[in-house]
Amino acid sequence: MIELEDVSKVYSTGSPAIKNINLNIKKGEFVFIVGNSGSGKSTLIKLLLKELEPTSGKIVVNGKELAKLKRKKIPYYRRDIGVVFQDFRLLKDRNVYDNIAFAQRVVETPNKVIMRRVPAMLSLVGLSEKYRSFPKELSGGEQQRVALARAIVNNPAIMLADEPTGNLDPKNSWEIMKLLEEINKRGTTVLVVTHNREIVDAMNKRVITMHKGVIVSDETKGEYHEN
Ligand SMILES: Nc1ncnc2c1ncn2[C@@H]1O[C@H](COP(=O)(O)OP(=O)(O)OP(=O)(O)O)[C@@H](O)[C@H]1O
Ligand SMILES: [Mg+2]
């Protein structure tokens, strides 16, 4: 589902952020990516989204070689990938319903389908009552649940989450991780970047540890490593 072959990324300003990474993630896996600040985790996520181009190496996601993907095809490529960030990134001037509906209008989903799917997503994340609320009227945990609902509404093959619990308290962090696990059980391949040791240690998933742009460990039922 995700394949990196000798991938490196050097930003114009400096030393390599990612150095010769080789990685293979299969369909249906749940993978944590950990590592200290500046180790290249977010760079990896951006490469997978084709927000950045690698300096060298080959990336294949969902059967598509990213370097060969035409600019016009990028929105369609991204339709199959759900994304969640630490800072939620909701549309401030739209309510919960429209935030989730928006992602589908962009890809021209018929309104009839949207009207069926949005309530289903809201119920999955436990926010059915809040569909009219605006982001500023929600707690951080609720906002992240809206972001998650929005990310999965198009039933993506892959879910990329870059520190999805970075701004949340322990209880909300667990709820978000449990939702990600639920999404994974429904067949989506999930990649989660996190600094949350407690959750990583408790969940018994594959853990990839990065350090200064390289993968220093990759364990099937791993734990959070300090480096
Ligand atoms: N746009 C950029 N231009 C230049 N250098 C960058 C850019 N973005 C990141 N870097 C550098 O690349 C390296 C990896 O950064 P990255 O954001 O991938 O780290 P990270 O593992 O996500 O860290 P954190 O845990 O703090 O989010 C760092 O040294 C960083 O300074
Ligand atoms: Mg980061």
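Here, buried means under 20% relative accessible area, exposed over 50%, and partly exposed in between (1.4 Å probe, protein chains only). This is a predicted model, where local features need pLDDT of at least 70, side-chain atom pairs count only at pLDDT 80 or more, and totals for chains, interfaces and linings use all residues. Residues are numbered from 1 along each chain as its sequence is written, chains are lettered from A and ligands numbered from 1 in the order in which they are written, and side-chain values use heavy atoms, with hydrogens and water left out.

**View 1. Glu 182 pairs with Arg 186 in a salt bridge (a side-chain nitrogen of Lys or Arg within 4 Å of a carboxyl oxygen of Asp or Glu).** The N to O distance is 3.2 Å. Glu 182 is partly exposed at 32% relative accessible area, while Arg 186 is exposed at 55%. Elsewhere, Glu 29, Arg 206 and Asp 218 are joined into one network by salt bridges that share partners.

View 2. Glu 181 counts as buried at 12%; Lys 178 is partly exposed at 43%.

**View 3. Lys 130 reaches Glu 142 through a salt bridge, 3.8 Å from N to O.** This one links distant parts of the chain: Lys 130 lies in the loop between helix H4 (111-124) and helix H5 (140-152), and Glu 142, 12 residues apart from it, lies in H5. Lys 130 is partly exposed at 31%, whereas Glu 142 is buried at 15%. Searching the whole structure turns up 11 salt bridges.

Methods: Helices (H or I, at least four residues) and strands (E, at least two) are DSSP runs, numbered from the N terminus.
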